[in-house]
Amino acid sequence: MDSKVAKSLADKLGVTSPKIVRKASELNRLCDVRCTSGSLSNLGLNETSRTVMCIELAATSLHHHVDRKEAIRLAGVSKKIYVSSYKTLETMLDLQQVHGMRDLAVQFGCIGAVDLARDILSRYKSDYITRSGSDNDIDFSKPMFTLAALYTVCRHQKVKVDKTKMVATAGVKRSTFDQTCTDLEKYATQLIGDNKKTGKGKQKYWLDDLEKSFEEEEESPIKKKKTETSDESGATDDYEEWKRKILEGASAATRKK
């Protein structure tokens, strides 16, 4: 297809990056090599629809979101044909992506959710295998599970992420994504509850350590010698008052958390 037409379609999809447009053109040419006209006809694609899909494939490979609804409208095909043909082209062009959790978290700006999301997914998978006796019938490496886990954690942590973009990246219906999030919810509640308990414990231990450090300082020979030989009146009282304020401040800070 003419490069001007391809650029015009890209503009309508909100894709202005020359790098993405060039990538889309390369994919289009690769289609000519790998896909016969007959196979494209069998997919129900014409040049326009193929170009639109190549633009989305190029954008996705470079971590740029494309409005799928607008892409389908521009392609002039049904949603079912678009999704099916898109997946087929993705396979033909060797563009299937392995979405790592950290990579997706960076893409959606929620890197702080990675560890907890990974734990949630691990528990979910473990329970599933326990119930079914196998995980052969489900691929937990699919981005749907990874993104659902990240979204569930972000919702608990009140971190704003683009859910519409997440669903589009997952490549599933919104209802399917929502159901997966619902399934993961109980694991998130359990883990976040456990972490809160652990966090409180750590705060308590920190305060205990602070008190202990004061006690050890008071009992040290150097401290005793200083106290006994101090010529400044009220030095010990000043130190005790300072210690009391430090401990009260630390305790108040802990209660606020």
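A: In this predicted model, a search of the whole structure finds zero disulfides. Cys54 is in no disulfide, and the nearest cysteine sulfur, which belongs to Cys31, lies 4.0 Å away. Cys54 counts as buried because its relative accessibility is 0%. Cys181 is buried as well, with a relative accessible area of 2%.

Another cysteine, Cys110, belongs to the largest nonpolar core, which has 34 residues. The members that touch the most other members are Cys110, Ile120, Leu150, Met166 and Phe177. Two or more residues of this core come from each of α7 (101-108), α8 (114-132), α9 (143-157), α10 (163-170) and α11 (174-219). The largest share, nine residues, is given by α9. Leaving aside residues up to four places away in sequence, Cys110 touches Ala105, Leu150, Cys154 and Val161. A second, separate core holds 28 residues, including Met53, Leu57, Ala59 and Val77. In soluble globular proteins, nonpolar side chains tend to be buried together.

On confidence, the protein chain has a mean pLDDT of 77, and 67% of its residues reach 70 or more. The pLDDT is below 50 over residues 200-207, a stretch with seven contacts in the model beyond near neighbours in sequence. Residues 220-230 also stay under 50, and for them the model has seven contacts beyond four places in sequence.

Terms used: Residues numbered from 1 in each chain as written. Predicted model: local features only at pLDDT ≥ 70, side-chain atom pairs only at ≥ 80, totals over all residues. Heavy atoms only, no water. Disulfide = S-S within 2.5 Å. Buried < 20%, exposed > 50% of the residue type's maximum accessible area, 1.4 Å probe, protein only. pLDDT = per-residue confidence, 0-100. Contact = heavy atoms within 4.5 Å. Core = buried A, V, L, I, M, F, W, Y, C linked by side-chain atoms within 4.5 Å. Helix = DSSP H or I, 4+ residues; strand = E, 2+ residues; numbered from the N terminus.
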